[in-house]
Amino acid sequence: MAWTTFVDGTTAVAGEVNANFEIVKGTGDGSDGAFSESSGDTALTGGTIYQYTSFSLTGTATISYTGTTQKPVIILIQGDCTISTSGTCDFNGKVTTTPTLTTTTMLDVDEYIMTITTNTDGEDGNSSDSGGFPTIAGNPPTYQDIIREGTCSQLSNCPMYIQGGTKGGTGDVGGSGTTGGPGGAGGAALMIIAGGDTAISNVTFDMEGADGGNGTFGVNPSIAHGGGGGGSGVIAIFSYGTLTDSGTYSTAASAGGSGAENGSWSATSMSSGSGGASMVERGARGNYSGNSAQTGGGGGAGFSVRKKLL
């Protein structure tokens, strides 16, 4: 962002002065000009701050997420924001980058020792000759995690920090030719801040994590467990002017993939993948069994917030 520089000996006009206040209140410097689309898709990169003078998304036009990071797309708008499109803006299942981890060891409620890491992906399935155990679900971020991931939020003077979900774990397998269900990718994050009025209608924003994949069996006997679902993302829309909103915001929890078996496999006890975390909700653990196919854990649900700022 750039502050307006006044020339010595000249009188500052209202527009120059107000431009600096737009930066302070978090609606940017308008350096990307006016955004106006009525058809097609505009892919926006995670971890990037877009700064528009006004924003109009109408007709069948959509915006979508490109990249693999948990960092949000941030759209700052000095003036009015109009989103009235019949399209679906796709932020579903985009995050595949593993977050930075902070590790501690603790005794879980199920009374086995495990390692808890903050802001984690779901755990891949595993095998055990000692009876098996469920995979550990992905964890939501701590405040420190959010600060590490939220650099662009800090730079844009945002009213809150947000980030995308984490990915689910892959299901374990036994037997020749089997494939464990892949983990679903996490949903991405989007923040919009408008300095003027905001009107939203018709549009759907899909911020969900992708469902876990299904396992596929091989030769008899074989067993494949399902993958965990990805954690869902977050959408936050703030307006300094009036806010009218009848949009649809999908942030529900994703599902785990199903397992598959062929014949009677009975050896080690294996786990399905666990679910990834959203920013606010832990995923579900994977299941374990040595002789029956298991479904992966679902991902944590995300959330949406739309609010007029004072």
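Predicted model: local features only at pLDDT ≥ 70, side-chain atom pairs only at ≥ 80, totals over all residues.

Visitor: Fine. How many helices and strands does the protein chain have?

Guide: The protein chain has three helices and 23 strands.

Visitor: And what share of the residues counts as buried?

Guide: Of the 310 residues in the protein chain, 50% count as buried. The chain exposes about 12,500 Å², and carbon and sulfur atoms supply 51% of that area.

Visitor: What about contacts along the sequence: what share joins residues at least 24 apart?

Guide: Taking contacts in the protein chain between residues at least 6 apart in sequence, 72% join residues at least 24 apart.

Visitor: Let's pick a sheet. In what order do the strands of the open three-stranded one run?

Guide: The order is β12-β16-β20, with antiparallel pairing. The edge strands are β12, residues 173–174, and β20, residues 260–262, and each of these pairs on one side only.

Visitor: How many bridges are there between β16 and β20?

Guide: Strand β16, residues 222–224, pairs with β20 over three bridges in the antiparallel sense. For a specific position, Ile-223 has Glu-261 in β20 as its bridge partner.

Visitor: Next, salt bridges. How many?

Guide: The count is three salt bridges. One of them joins Asp-245 and Arg-306, at 2.7 Å from N to O. Asp-245 lies in strand β18 (residues 243–245) and Arg-306 in strand β23 (residues 303–308), so the pair ties together parts that are 61 residues apart in sequence.

Visitor: Where in the chain do Asp-121 and Lys-167 sit?

Guide: First, the contact itself: Asp-121 forms a salt bridge with Lys-167, with the closest N and O atoms 2.7 Å apart. The pair links distant parts of the chain, as Asp-121 is in the loop between β10 (113–118) and β11 (127–128), while Lys-167 is in the loop between α3 (151–155) and β12, 46 residues apart. Asp-121 has 16% relative accessibility and therefore counts as buried, since the cut-off is under 20%. Lys-167 is partly exposed, at 23%.

Visitor: And what does Lys-94 pair with?

Guide: Lys-94 forms a salt bridge with Asp-90, the closest N and O atoms being 3.2 Å apart. Lys-94 has a relative accessible area of 22% and is partly exposed. Asp-90 is partly exposed too, at 31%.

Visitor: Switching to cysteines. How many disulfides?

Guide: The count is zero.

Visitor: Cys-81 and Cys-89, then: buried or exposed?

Guide: Cys-81 is buried at 1% relative accessibility, and Cys-89 is buried at 0%.

Visitor: Last topic. How many aromatic pairs does the structure hold?

Guide: There are six aromatic pairs. Among them is Tyr-50 with Tyr-52, a stacked pair whose centres are 6.4 Å apart, with 10 degrees between the planes.

Visitor: How buried are those two tyrosines?

Guide: Tyr-50 counts as buried at 14% relative accessibility, and Tyr-52 is buried with a relative accessible area of 7%.

Technical notes:
Residues numbered from 1 in each chain as written. Heavy atoms only, no water. Pairing = 2+ DSSP bridges. Helix = DSSP H or I, 4+ residues; strand = E, 2+ residues; numbered from the N terminus. Disulfide = S-S within 2.5 Å. Buried < 20%, exposed > 50% of the residue type's maximum accessible area, 1.4 Å probe, protein only. Salt bridge = Lys/Arg side-chain N within 4 Å of Asp/Glu carboxyl O. Contact = heavy atoms within 4.5 Å. Areas by Shrake-Rupley, 256 points an atom, 1.4 Å probe, with all protein chains shown as cover. Phe/Tyr/Trp six-rings, centres within 6.5 Å; stacked < 30°, edge-to-face > 60°.
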